[in-house]
Amino acid sequence: IVAGVIRNKSGSLRMDLDDDSFRIGKFDSSDSVEHTNEYSKYKHSDGTYTQIGVNGLERRRYDSNYIKDYHYLTAAGTVRVGGGINVPDEMTVYLPSDFAGKSFEVFLSIAMTGTYDTYYTLIGLTGIRCAVTGKDFEKGSFKVRGNSTFSAKETFGAVHGYVDITYIAIA
């Protein structure tokens, strides 16, 4: 059978087999599917589409010329930063290799803080910080900075502490 365009009775749906892909659905608006040797693209009525291809499953949306890729990837973990010479205030976190080459967002929360210093009697937490200071999309990594400060009974200065930071990365 050699076919070109097949339409339903009302003409509202059609299947186009004329070129190097085949499409099913309404071509004058949205809600159609296109299949090629490289990808399958599912167009949605809100202007977004989902594509399956060599980069996996991607959802794209358009907001005033802004394109955001969704890859349906999630990673979570906990890192310790700050608090001393052996634990720097900033470190690089490497995400699973699937994140390399993709844009991603990172969300942080403070899990715990403390100090390695056993000499001082701590009387209060005076500050705690955590922040993402950079992202490397090509390597699939990000930098996180954090530390804490405590007041102590034996000194007028601050005692520096560590921060355990929980992260969630989404691409």
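Ile52 sits in strand E6, which covers residues 49-53. Everything described here comes from a predicted model. With a relative accessible area of 44%, Ile52 is partly exposed, because that value falls between the 20% and 50% limits.

Now take a step along the strand. Gln51 lies in strand E6 too. Is Gln51 buried or exposed? Gln51 is buried, because its relative accessible area of 17% is under the 20% limit. Setting aside neighbours within four places in sequence, Gln51 is in contact with Tyr39, Ser40 and Lys41, and also with Gly56, Leu57 and Glu58.

Next comes another strand. Ala75 is found in strand E9, made of residues 74-82. Ala75 counts as buried, because its relative accessibility of 9% is under 20%. Which residues does Ala75 touch, not counting those up to four places away in sequence? They are Leu95, Pro96, Phe99, Tyr167, Ile168 and Ala169. Ala75 and Ala171 are 96 residues apart in sequence, and their C-alpha atoms are 9.0 Å apart in space.

| Residue | Relative accessible area | Class |
|---|---|---|
| Ile52 | 44% | partly exposed |
| Gln51 | 17% | buried |
| Ala75 | 9% | buried |

Note on methods
Residues numbered from 1 in each chain as written. Predicted model: local features only at pLDDT ≥ 70, side-chain atom pairs only at ≥ 80, totals over all residues. Heavy atoms only, no water. Helix = DSSP H or I, 4+ residues; strand = E, 2+ residues; numbered from the N terminus. Buried < 20%, exposed > 50% of the residue type's maximum accessible area, 1.4 Å probe, protein only. Contact = heavy atoms within 4.5 Å.
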